[in-house]
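Here are my notes on the model you sent over, point by point. Have it open beside you while you read.

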Amino acid sequence: MIDPGVTAVQVRGELDLATVGQLEARVDHALTLGSRPLLIDFTACGFIDSSVISLLVDLRVRLGNSGRPRFAIAAEDQPLRVLRLTGLDHEMPVFASLPEALRALDRSAPDPSPTAVLPPSSSAALITSPE
């Protein structure tokens with residue numbers, strides 16, 4: 001379960017150039033929901049490619065470096081290896097488990113407002129939100 005005060009985007013399956021647009025749309029939508037920290041959960045994702053890396057770098061640039069994380073990434077397996085190999089785990093908050101990412105965001109949460117629930121993706125349920 002995702003903690004209150006966090007907007008979460010959960011990714012399932014594989015993400016590549018053909019599907020990264022779905023993630024981008026979900027992240028953009030999540031950012032319109034206010035000042036809640038954003039969690040991108042790749043723990044159920046089996047594969048990411050360079051298009052996802054590009055999206056995450058753009059997100060990092062958009063959100064800046066305030067000292068407190070405004071977003072966090074939880075990843076395992078191949079996505080975590082890619083984030084580590086590219087060095088992004090040194091440039092943005094990347095965690096090897098969902099609880100670690102949530103703890104980091106909990107420390108930076110601006111208010112205890114309810115968790116944002118994003119509607120399911122319309123395309124192949126690759127990107128969903130917790131229920």
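1. Contacts first. Counting contacts in the protein chain with a separation of 6 or more, 77% are between residues 24 or more positions apart. Keep in mind that this is a predicted model. Of the chain's 131 residues, 48% count as buried.

2. On the layout, the protein chain has four helices and five strands. Reading from the N terminus, the order is β-α-β-α-β-α-β-α-β.

3. Now the packing. The largest nonpolar core has 27 residues, and Leu23, Ile40, Phe42, Ile48, Ile73 and Leu83 are the ones that touch the most other members. Two or more residues each come from strand E1 (7–15), H1, strand E2 (38–48), H2, strand E3 (71–75) and helix H3 (77–85). H2 supplies the largest share, with six residues.

4. Setting aside neighbours within four places in sequence, Ile40 is in contact with Val9, Val11, Leu23, Val27, Leu56, Leu59, Ala72, Ile73 and Ala74. There is also a second, separate core of 10 residues, with Ala8, Phe95, Leu102 and Leu105 among them.

5. Next, E3. Is this strand enclosed or open? Five of the five residues of E3 are buried, so the strand is largely enclosed by the rest of the structure. Phe71, Ile73 and Ala75 point one way and Ala72 and Ala74 the other, and all are buried.

6. E2 and E3 run parallel and are joined by five bridges; Phe42 has Ala75 in E3 as its bridge partner. E3 also runs parallel to strand E4 (residues 94–95), with two bridges between them, and here Ala74 stands opposite Phe95 in E4. Going from E3 through H3 to E4, the chain makes a β-α-β crossover that is right-handed.

7. Then H2, the helix with the largest share of the main core. H2 has 14 residues and spans 20 Å from its first C-alpha to its last, close to the 20 Å expected at 1.5 Å a residue. Its buried residues are Ser51, Val52, Ile53, Leu55, Leu56, Leu59 and Leu63. The cover over the buried residues of H2 includes E1, H1, E2, E3 and H3. After the helix comes Gly64, with a positive phi near 70 degrees.

8. Gly87 follows H3, and its phi is positive, near 80 degrees.

9. A word on charges. How many salt bridges does the structure hold? There is one, and it brings together the side chains of Arg62 and Asp28 at 2.7 Å, N to O. The pair links distant parts of the chain, with Arg62 in helix H2 (residues 50–63) and Asp28 in helix H1 (residues 20–31), 34 residues apart.

10. Are the two partners buried or exposed? Arg62 has a relative accessibility of 52%, and since the cut-off for exposed is over 50%, Arg62 counts as exposed. Asp28, at a relative accessible area of 29%, is partly exposed.

11. Why does Ala101 count as buried? Its relative accessibility is 0%, and buried means under 20%. Leaving out residues up to four places away in sequence, Ala101 touches Leu39, Ala72, Ile73, Ala74 and Phe95.

12. Ala101 and Ile40 are 61 residues apart along the chain, and their C-alpha atoms are separated by 9.2 Å.

How values were computed: Residues numbered from 1 in each chain as written. Heavy atoms only, no water. Salt bridge = Lys/Arg side-chain N within 4 Å of Asp/Glu carboxyl O. Buried < 20%, exposed > 50% of the residue type's maximum accessible area, 1.4 Å probe, protein only. Core = buried A, V, L, I, M, F, W, Y, C linked by side-chain atoms within 4.5 Å. Contact = heavy atoms within 4.5 Å. Expected span 1.5 Å × (residues − 1). Pairing = 2+ DSSP bridges. Right-handed = clockwise from strand over helix to strand, strands pointing away.
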